[in-house]
Amino acid sequence: MMKFLSIKTKKLLTLFVACSFAVNLNAQQADNTMEPVDYVNPLMGTDSKFALSNGNTYPAVGVPWGMNMWTPQTGKMGDGWQYTYAADKIRGLKQTHQPSPWMNDYGQFSLMPVSGKSVFDQDERASWYSHKAEVSKPYYYKVYLADHDVTAEVTPTERAAIFRFSFGKTDSAFVVIDAFDRGSEVEIIPEKNMIIGYSSRYSRGKLPNFRNYFVVVFDRPFTYNAVWEGKNKKEGILKLQANHVGAIIGFKSSGKQDPIHARVASSFISKEQALRNLNELGKDSFDMVASKARKQWNDKLGKIKVEGGSIDQLRTFYSCLYRTLFFPNKLYEYDAQGNIVHYSPYTGEVLPGYMFGGTGFWDTFRALYPLLNLVYPSINKEMQEGLINCYKEGGFLPEWSSPGFADIMIGNNSASVVAEAYLKGLRGYDIETLYEALKHGANNEGPMTAVGRKGVAYYNELGYVPYDVGINESAARTLEYAYDDFAIYRLAKALKKPQEEIKLYAQRSQNYKHLFDPSTNLMRGKNKDGSFQSPFNPLKWGDAFTEGNSWHYTWSVFHDVQGLIDLMGGSKTFVNMLDSVFSQPPAFDDSYYGGVIHEIREMQIADMGQYAHGNQPIQHMIYLYNYAGEPWKAQYWAREVMNRMYKPTPDGYCGDEDNGQTSAWYVFSALGFYPVCPAMDEYVLGAPLFKRATIHLENGKTFVIEALNNSAKNIYVHNITFNGKSHDVNYIKHGDIFKGGTFKVDMRALPNKTRGTKPSAYPYSFTTDPNKF
């Protein structure tokens, strides 16, 4: 084809090819020059919808664990799907605290630049945009809003942010502030170039005296101002309070070389506190704020350095790590004297001390909190202090905080979150009060189904929550309560509590056995009279289980896998049952829900049988091969899930990301181990994804994982040495990692079917513990 081109065109084409090659070469070498934050794609997981989740994420612009985040809003006001990749228009740049679309948001408000006309209605102000003119970073967001010929940018601090709006040359540049519905207020103060107000919108729980106060200060005088209520604009009025209000302010723009800046902060405490929080920006310019936020991300992401993977693997790893560093987020602020204070979502008062919110322990006890305890223990210490305040103010520990008690999901998994932190070395807070909180939650029903233990009287008397007493998802509750009792037992033992108390929770940790059905080798709901539920379909989602079926929940015996093996009749049957998860077709019974919920669909289309990685209950199951003498199968399936179920793309997850949990699974698995039982000090081995990974621990030590000969084909562990000594067991201890050292894993293309096959190599099980009491 070249022979038909002119000589000039040929030269240009040759130059283009040469340049393209250079660009591609540089891209392949990017891991040598880029910083961790440069690999993050905040759009990973945003190509989602109600019927099918590829993450259900949004591009969160913030700093690690910051009180506020910002996101472009493509969805309707109040829609939990606030940003979806397939959308065409943006309605505003919104402050958000949303943990997931299913939980929705609270305290939200937005800014939207418009030009030409002072339109404010969400549909009228919405502008077409393109991902080709969008830049999304953890610390910075930029988008061109085509209908208004304006480029909007935002960069954050923990409780504040700065916006930059670059309009074309016009005398009709406007910024719309939307304080949302369900009770809001705005006040324009022209002499200070300021708007103050509040949003009182929330979606979950009962939040007494809840308001998110905000302040917006522009860098130039207003040429126009108005307030609006609903669809009605009101000029000549500076202050308005109603169900749904907002403000419009106007400017004269000399062109894009002279952008308009807005400095924004908020507070859950007061307007005065919002102004105080504005001081986080100081006198910094937009670029200085962005540089500082970028550094915060690099500092936190850089605690784990991975090398020797493909560019997509690096992008996936750091995009997942980014997602683990948001929730639970800080709800505390600093008063005029510099004291830590917080609005209490439990009492409505302003009280001293730490407070966090925005996480569901049903999801995050599994891997997110173990990751914090390993890599970021200092922030979890603050979170534990926050939990003390939750208990004092609310009477129970929250199982889902959004930001206070949310009546959703099951379990009493605060027990795992509290126990694990102490057992893995956190100190310097009131663990005795937290232990009392665990006992209180374990022996009482809470003010709602999802707090304390629903069905606790049955559980404590019969050893299980019955199927036929009107309590939903009874089998799942029983299995999770049994593990939670193990966590309490472990903490009681560490705190040297009375022997009868230690034994009580140890005995309750064995309650999982009541639900084991030997005729199917599966867990099954049981009636109050001791008979199993009938009829029984192990493929039925919901009913006795939570967002899964018996094939998913049977493995929820994190603390006593050997006990489960024994119930099944030995390792051979156990391994066959594990294999069967993958070899079955993805059939399902959705009759409990009356339709296919998205979690079912995500399992069905994944082509991994009954393995439903898109939801949490089964995510640890792959690692259970290590307890039954066939660890190479854990290595194979962990790599298979990492390769197939995660990509650094808008459809990059295989279900809900869920507050860092599904991301934390990837981070741990890529390092080569996973916390099957968080309340134990062991991580069960898989196979590292990268040739080298370095964890920079907060105690100053480094732990290095070297995967010799690692490649796309060499996925199996041949042998391991730790600090030069042979490491023949299928786990590594938390305390040993904290001492630092080098963990060398020799990887091969064929499995080593002799290593890790003896019971002496297996991870902890309560059944085989010789020192139970």
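Which residues lie nearest the centre of the largest cavity? Select Thr57, Pro99, Arg323, Phe327 and Glu657, which lie nearest its centre among the 18 residues of the lining. Before going on, note that this is a predicted model, in which local features need pLDDT of at least 70 and side-chain atom pairs count only at pLDDT 80 or more, while totals for chains, interfaces and linings use all residues. Residues are numbered from 1 along each chain as its sequence is written, and side-chain values use heavy atoms, with hydrogens and water left out.

A cavity here is a set of points, on a 1 Å grid over the protein atoms alone, where a 1.4 Å probe fits but cannot get out, and lining residues have an atom within 4 Å of a point. The largest cavity has a volume of about 160 Å³, and its lining has eight nonpolar, six polar and four charged residues.

Next, select Phe356 and Gly357, which are among the residues that line the second largest cavity, a space of about 100 Å³. Strand E24 (356-357) and helix H9 (377-394) each supply at least two residues of this lining, and H9 gives the largest share, four residues; the lining divides into eight nonpolar, four polar and no charged residues. Helices (H or I, at least four residues) and strands (E, at least two) are DSSP runs, numbered from the N terminus.

Finally, select His598 in helix H18 (residues 598-604), which counts as buried (under 20% relative accessible area, 1.4 Å probe, protein chains only) because its relative accessibility is 6%.

Key
Buried means under 20% relative accessible area, exposed over 50%, partly exposed in between (1.4 Å probe, protein chains only). On a 1 Å grid over the protein atoms alone, a cavity is a set of points where a 1.4 Å probe fits but cannot get out, and a pocket is an open set with protein on both sides within 12 Å along at least five of seven lines; lining residues have an atom within 4 Å of a point. Grid points are joined across faces, edges and corners, and a volume is the space filled by probe spheres set on the points. Ala, Val, Leu, Ile, Met, Phe, Trp, Tyr, Cys and Pro count as nonpolar, Asp, Glu, Lys and Arg as charged, and the others, Gly among them, as polar.
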